[in-house]
Amino acid sequence: MREYVDDTEDYINIILDEKQNQLLQIGVVMSTATMLLNIGIVIGGILGMNISIPLFRDGVPMQFNMTTFGVCAGIIVSFAVAVLSIKRKGLLG
């Protein structure tokens, strides 16, 4: 009977370890996404400051919109590259 209890405990510990590893993997992905999102926010904040220059007198210029979309695309591409790199190193399953 003791062997069955030990086997059950080992099985439960294996399942718990697997769930813990999955949570750690989600944490790595979320941290990467948060870092890249913060970089985009900083770039958008710097470029979107309300500075009185001739460029901003006619409303929101097309250059700002194009730059913002470019930053968003860069973030998405950087996230994809980061996740693929993490998977290649074996940190994600």
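The model is a predicted one, in which local features need pLDDT of at least 70 and side-chain atom pairs count only at pLDDT 80 or more, while totals for chains, interfaces and linings use all residues. Residues are numbered from 1 along each chain as its sequence is written, and side-chain values use heavy atoms, with hydrogens and water left out.

Helix α1 itself has 46 residues and reaches 67 Å from its first C-alpha to its last, close to the 68 Å expected at 1.5 Å a residue (1.5 Å times one less than the number of residues). Helices are DSSP runs of H or I with at least four residues, numbered from the N terminus.

Ile43 lies in α1 and is partly exposed, at a relative accessible area of 33%.

As for charged pairs, the count comes to 1 salt bridge, defined as a side-chain nitrogen of Lys or Arg within 4 Å of a carboxyl oxygen of Asp or Glu. This bridge joins the side chains of Asp6 and Arg2 at 3.7 Å, N to O. Both residues lie in α1, 4 residues apart, about one turn of the helix. Asp6 is partly exposed at 28% relative accessibility, whereas Arg2 is exposed at 58%.

Note on methods: Helices (H or I, at least four residues) and strands (E, at least two) are DSSP runs, numbered from the N terminus. Buried means under 20% relative accessible area, exposed over 50%, partly exposed in between (1.4 Å probe, protein chains only).
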